[in-house]
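Here are a few notes to read alongside the model. I hope they are handy as you look through it.

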Amino acid sequence: MQRLACFEKIRDARGGAIVVATYTSAFEWHRVDPDPRNFVSVGAMGQASSHALGFAIGLPEQKIIVLDGDGSLLMNLSTLTTIANAAPKNLVHFVVENGTYEANGGHPTPAQGTADFAGMASAAGYAEAHAYEGLNQFATDLPDLLAAPGPVFAALKVEAGYAPPLNYDYGWLHHADRRREFREAVRPLLSD
Amino acid sequence: MADAAGPSGRDLISALKRAGVRHIAALPDITTSAGLLWPLSEDPDLTLIRLSKEDEGVSICAALSYCDKRAVLLMQQTGLMDSLNNIRAVACENEQPVCMLVGLLGKEPDKAPSESASFGVRIVEPVLDAMEIDHILIEEPNDVAQLPAAIDRAYETSRPMVALIGRRVEP
């Protein structure tokens with residue numbers, strides 16, 4: 001399964017959800033769905049899910065989707081118990097699992113071929129945790145994943161190296177305009 | 001000789017509320033545990049987010065600021081040290097108003113942090129200075145009065161702020 005194809009399915013089912021993406025996933029996601037409600041979590045690897053938890057708590061009526069990476073999740077694995085404890089019903093946590101640090105040369109993660117991320121999320125206390133290897137099954141289940149009370153977790157096992165790793169514009173990704181655009185997009189969602 | 005009096009947890013909670021804070025992301029710290037964290041965990045006006053690791057709280061507080069909600073991260077100075085990369089990225093470089101209450105474990109009640117025999121305590125203020133992070137020191141009961149203005153300043157300038165808690169907080 002390819003990350004791009006997964007993201008196209010998520011785009012089609014997104015509704016008005018806020019989407020938090022990080023690094024390689026963020027580049028790919030913005031290519032698929034350049035929406036002002038996209039938040040880019042960059043600067044400190046692993047923090048996308050923690051940002052997403054903050055949004056889920058701060059905007060409890062708003063669906064929050066996080067597009068994490070497997071290397072990123074490994075760098076903040078404690079997020080699983082924190083999210084499970086906070087138990088936000090509006091949070092869906094996707095982990096794009098390709099087994100590599102794609103943006104840093106494609107080296108394997110220490111979890112490649114051994115770790116079970118959905119099992120970790122389930123054991124941590126997520127309301128639901130799933131793993132997908134095929135696009136058809138993922139596409140079939142996606143509406144239920146987005147509708148179920150969270151926190152919901154889904155590992156998306158994708159092919160490594162699908163996107164070119166060296167053509168990324170990090171200046172664009174890190175730019176203050178990304179945060180300003182997001183803040184302006186979120187403002188109408190704030191209650192008095 | 002009796003230990004010098006520390007700040008009051010009741011006053012700290014009152015100061016946080018005066019500053020508009022309603023969310024606390026925290027990992028327990030013995031300097032603030034009995035006097036602050038336990039009472040605020042039972043306060044119906046505050047939402048406590050129990051962290052597994054301190055740097056998660058930096059991102060959570062930053063995200064809450066986008067939602068127009070004020071938050072503080074409560075932790076020990078060891079957690080501050082462990083969170084420096086995320087503070088550098090999210091709070092400093094991305095200019096987000098992340099406010100932190102940091103208990104100084106091992107600081108002698110009668111010494112300034114810079115004069116502590118503890119290396120881990122002694123380096124905290126120089127590290128914050130190097131990162132150009134606004135910080136205040138709360139040791140005595142009267143020091144709590146500085147806190148609301150420091151939080152307001154952080155949100156008005158969209159910059160991080162650290163309030164160092166230099167003595168054990170009294171209930």
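**Notes on the predicted complex**

1. Setting aside neighbours within four places in sequence, B:M100 contacts B:V72, B:L73, B:M75, B:L80 and B:V162; a contact here means that the C-beta atoms, placed from the backbone, lie within 7 Å. B:M100 is also among the residues that touch the most other members of the largest nonpolar core, together with A:V20, A:L156, B:C61, B:V72 and B:V98.

2. That core has 107 residues. Such a core is a set of buried Ala, Val, Leu, Ile, Met, Phe, Trp, Tyr and Cys residues joined through C-beta atoms within 7 Å, and buried means 20 or more other C-beta atoms within 10 Å of a residue's own (exposed is 12 or fewer, partly exposed in between). Helix 3 of chain B (residues 54-66) supplies the largest share of the core, seven residues. Helices (H or I, at least four residues) and strands (E, at least two) are DSSP runs numbered from the N terminus.

3. On ground rules, residues are numbered from 1 along each chain as its sequence is written, and chains are lettered from A and ligands numbered from 1 in the order written. As the model is predicted, local features need pLDDT of at least 70 and side-chain atom pairs count only at pLDDT 80 or more, while totals for chains, interfaces and linings use all residues.

4. Confidence next: the predictor gives the complex an ipTM of 0.96 and a pTM of 0.96. Chain B averages a pLDDT (the predictor's confidence in each residue, from 0 to 100) of 96, with 98% of its residues scoring at least 70.

5. At the interface, 23 residues of chain A meet 23 residues of chain B. On the chain A side, helix 3 (48-58), helix 5 (79-86) and helix 9 (176-186) each give two or more residues, and helix 3 of chain A gives the most, with seven.

6. Helix 7 of chain A (residues 135-147) deserves a look. This helix bends by about 45° at A:D141, with a proline, A:P143, following within four residues; the bend is the angle between axes fitted to the seven residues ending there and the seven starting there. Its buried residues are A:F138, A:L142 and A:L145.

7. Two backbone details to check: the peptide bond from A:G150 to A:P151 is cis, with omega near 0°, and B:E132 has a positive phi of about 55° although it is not a glycine. B:E132 counts as exposed because it has 9 C-beta neighbours inside 10 Å.

How values were computed
Contact = placed C-beta atoms within 7 Å.
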